[in-house]
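Reader: I have some questions about the labels used for this model. Please set each one against its cut-off.

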Amino acid sequence: MADPAECTIKVMCRFRPLNSSEVTRGDKYIPKFQGEDTCIIGVS
């Protein structure tokens, strides 16, 4: 495993609430947040 001091990859994601069209269509808000720096996507 790489030394964390050598890692230069940074990931940024932006999440927004569902808009009214998405709510009406029955869309689901998928992201689940676990703490300040962890987000799980696609797991029920």
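Reader: Why is R16 called partly exposed?

Author: First, the ground rules. This is a predicted model, where local features need pLDDT of at least 70, side-chain atom pairs count only at pLDDT 80 or more, and totals for chains, interfaces and linings use all residues. Residues are numbered from 1 along each chain as its sequence is written, and side-chain values use heavy atoms, with hydrogens and water left out. Now R16. Buried means under 20% relative accessible area, exposed over 50%, and partly exposed in between (1.4 Å probe, protein chains only). R16 has 46%, so it is partly exposed.

Reader: What makes R16 and E22 a salt bridge?

Author: The rule asks for a side-chain nitrogen of Lys or Arg within 4 Å of a carboxyl oxygen of Asp or Glu. For R16 and E22 the N to O distance is 2.8 Å, so the pair meets the rule.

Reader: Is E22 buried or exposed?

Author: Buried: its relative accessible area is 12%.

Reader: How many salt bridges are there by this rule?

Author: Two. R25 and D27 form one of them, with their closest N and O atoms 2.5 Å apart. R25 counts as exposed because its relative accessibility is 58%. D27 has 29%, so it is partly exposed.

Reader: Why does C13 count as exposed?

Author: Because its relative accessibility is 52%. C39, at 31%, counts as partly exposed.
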